[in-house]
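Student: I have a model open and want to learn how to read its side-chain contacts. Where do we start?

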Amino acid sequence: MAYLSDFHCHSDISPDSRTDLVDLAQAAVQKGVQEMCVTEHWECGSPCLDWQLRKKPFDAARYLERFEAAQREAGHLIGLRLGLEIGNWTQDPEHAVRGRDALPLDFVICSLHTIKGFDAYFFDYTQENLDDYLTAYMAECLELAREADFDSFGHLSLPLRYAMIHAQRRLSFDHCLDVVDEVLREIARRDKALEANTSGFRSLGEPVPSLPLLRRFRELGGQLVTIGSDGHNEQNVGSFLLETQQVLKEAGFTRYATYEQRRPVLHAL
């Protein structure tokens with residue numbers, strides 16, 4: 001029987017969720033998830049930190065209080081881990097380190113949420129030619145892969161998902177595969193994980209990144225992969241986990257990782 005874990009989800013500690021952490025954990029239990037890591041947003045640099053401060057500044061004390069409440073209510077039914085999604089690390093490394101050191105973390109996701117200084121979620125994906133923007137996104141991902149302290153690189157190729165959601169456009173990184181290879185090679189070289197983010201199934205019908213990039217990561221020496229829903233509510237937490245496990249098998253992986261005290265624990269696919 002497959003081991004189900006969700007190592008990327010957000011409660012209302014994050015600015016873009018309204019779901020209490022206890023309710024999130026209980027929803028995961030109902031879906032058969034055996035282990036869940038909450039990875040609240042810690043954003044760095046403008047515009048994303050500006051957005052977080054404007055909407056809901058990070059509250060470490062409340063995060064710990066709600067996490068402990070979830071442990072009391074659901075900890076006997078699901079393994080709960082404390083995590084952080086640090087966005088745009090290299091835009092303000094000192095701020096990134098403050099977030100990393102503020103909590104007794106089991107797991108750190110490194111993500112890029114901007115494109116050439118624009119918030120990737122609000123970026124205009126209707127522009128005729130986006131190749132330069134997508135290349136710039138991947139080049140900054142390379143900086144993160146080289147310099148950030150993380151366990152798993154989150155939702156690499158995120159703009160492809162947003163382009164479909166906001167402009168119904170299916171884009172690709174085919175024009176800059178050399179840079180993509182550098183990113184994947186660096187993650188593998190540092191013995192870090194690449195996340196297979198299940199949120200892509202909700203818009204693209206595949207994880208983010210997709211099968212070709214996951215397979216390429218394996219070809220370039222990547223050993224570690226994690227699975228996360230990026231769920232911000234009870235509906236999406238724990239979604240498409242089995243489907244993503246199947247994609248990882250097709251990519252050539254036989255195991256995937258969860259993390260405890262920032263050390264990988266491997267599970268058979």
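**Reading side-chain contacts**

Tutor: Start with arginine 66, which counts as buried because its relative accessibility is 17%, where buried means under 20% relative accessible area, exposed over 50% and partly exposed in between (1.4 Å probe, protein chains only). This is a predicted model, in which local features need pLDDT of at least 70 and side-chain atom pairs count only at pLDDT 80 or more, while totals for chains, interfaces and linings use all residues. Residues are numbered from 1 along each chain as its sequence is written, and side-chain values use heavy atoms, with hydrogens and water left out.

Student: Which residue forms a salt bridge with arginine 66?

Tutor: A salt bridge is a side-chain nitrogen of Lys or Arg within 4 Å of a carboxyl oxygen of Asp or Glu. Here the partner is glutamate 65, with the closest N and O atoms 3.0 Å apart. Glutamate 65 is partly exposed, at 36% relative accessibility. The count by this rule is 14 salt bridges.

Student: Where in the chain do aspartate 149 and arginine 262 lie?

Tutor: These two form a salt bridge, and their closest N and O atoms are 3.0 Å apart. The pair links distant parts of the chain, 113 residues apart: aspartate 149 is in the loop between helix H5 (131-147) and strand E7 (152-153), and arginine 262 is in the loop between strand E10 (255-260) and strand E11 (263-268). Helices (H or I, at least four residues) and strands (E, at least two) are DSSP runs, numbered from the N terminus. Aspartate 149 is partly exposed at 21%, and arginine 262 is partly exposed at 23%.

Student: How should I read the aromatic pairs?

Tutor: Rings of Phe, Tyr and Trp (its six-membered ring) pair if their centres lie within 6.5 Å; planes under 30 degrees apart count as stacked, over 60 as edge-to-face and the rest as tilted. There are 13 aromatic pairs in the structure. One of them joins tyrosine 121 and phenylalanine 122 edge-to-face, at 5.1 Å centre to centre and 85 degrees between the planes.

Student: Is phenylalanine 122 buried or exposed?

Tutor: Phenylalanine 122 is exposed, because its relative accessible area is 59%. Tyrosine 121 is partly exposed at 38%.

Student: Which charged residue sits over the ring of tyrosine 133?

Tutor: A charge sits over a ring if NZ of Lys or CZ of Arg is within 6 Å of the ring centre and within 35 degrees of the ring normal. For tyrosine 133 the residue is lysine 116, whose charged end is 4.8 Å from the ring centre. Tyrosine 133 also belongs to a cluster that ring pairs form with Phe118, Phe123 and Tyr125.
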